[in-house]
Amino acid sequence: MSGSPLVKEIRKVTDLKQKRQEERSREVAVRKEQVVAAAVDCFREKGIEASTISMIALRAGVGDATVYRYFDKKENLAVECGIFIWKRITAHFEELCDEEEYHCLSGIGQVEALMTRALAIFAEEQKDFRFLYEFDRYLLSHHIERDRLADYEASVNGSRRFLCGAIEKGREDGSITAQAATLELYDTLTQAIFGFMQKLAGAGDLLEGDTRVNADRKAQLLTELLLIGLGRKA
């Protein structure tokens, strides 16, 4: 019975339906990625508030209805863009931590390497940090509930395993002597570095004193001070 022509035909139809469903799912995923990439470009160039769904749809090469099919509100699209950018930042750290030389470093050496990579990201992608600066304010002004931001928060913490691993290694090899819990150090370091970078990129030079030291140098000095606080002279 299992090898009868009817059974074979049923299996053939089922396999064909499954294949078509998989193809449609891939097409949807690709089109959704196109919309997110287009939105990131628009938000980076024009700002979140100034960017319209029509602008994003035009950039993505789709109709407005397609954008709304995937994201019923611009708020949800903005959150997806935030996730996209933080994943892109995390990818830089993953690349660093895959290097053999990284694993030969002391704990404080690994923290320094991660901070140095963060400086390089900031120098190359200040528009990403400008978006993140605006995005935080967008979330507050639109009163977006915290429970809608679980995936976004997970993407923000994409570097946690790398930095916490480096801190723990530093405790073991004695290169990190700061008297604080690992997560306390992680939260303080990441919020200090990334929060400062977002402000530098987003707030601009409002006062004369803001122009005395350029943004890249300020970020570098901050990382050196943080390293001193962990137990090493920069």
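Predicted model: local features only at pLDDT ≥ 70, side-chain atom pairs only at ≥ 80, totals over all residues.

Me: At what angle do α6 and α9 pack?
Reply: Start with the terms. Helices (H or I, at least four residues) are DSSP runs, numbered from the N terminus, as are strands (E, at least two). Axes are lines fitted to C-alpha atoms, for helices over the stretch in contact, and angles run from 0 to 180 degrees between N-to-C directions. Here, α6 (residues 107-124) and α9 (residues 160-173) pack at about 155°, with their axes 7 Å apart.

Me: What do we call that arrangement of α6 and α9?
Reply: Angles under 35 degrees count as roughly parallel, over 145 as roughly antiparallel, 65 to 115 as roughly perpendicular, and the rest as oblique. So α6 and α9 are roughly antiparallel.

Me: Which residues of α6 and α9 meet?
Reply: Contact means heavy atoms within 4.5 Å. From α6 come Gly 107, Ile 108, Gln 110, Val 111 and Leu 114. Their partners in α9 include Phe 162, Leu 163, Ala 166 and Ile 167.

Me: How do α9 and α10 cross?
Reply: Their axes come within 10 Å and cross at roughly 125°. That makes α9 oblique to α10. In the contact, α9 supplies residues including Leu 163, Cys 164 and Ile 167, while Leu 185, Tyr 186 and Leu 189 are among those from α10.

Me: Now the gaps. How is empty space found?
Reply: A probe the size of a water molecule is rolled over the atoms, and this shows where empty space is left. On a 1 Å grid over the protein atoms alone, a cavity is a set of points where a 1.4 Å probe fits but cannot get out; a pocket is an open set with protein on both sides within 12 Å along at least five of seven lines; lining residues have an atom within 4 Å of a point. Grid points are joined across faces, edges and corners, and a volume is the space filled by probe spheres set on the points.

Me: How many cavities of 30 Å³ or more are there?
Reply: There is 1. The largest cavity holds about 130 Å³. Its lining includes Leu 114, Phe 162, Leu 163 and Leu 189. Elements giving two or more residues are α6, α9 and α10. The largest share, 4 residues, comes from α10.

Me: And what about the largest pocket?
Reply: About 660 Å³ of space lies there. The largest pocket has 21 lining residues, with Asp 136, Tyr 152, Glu 153, Val 156 and Gln 191 nearest its centre. Again α10 gives the most, with 7 residues.

Technical notes:
Residues numbered from 1 in each chain as written. Heavy atoms only, no water.
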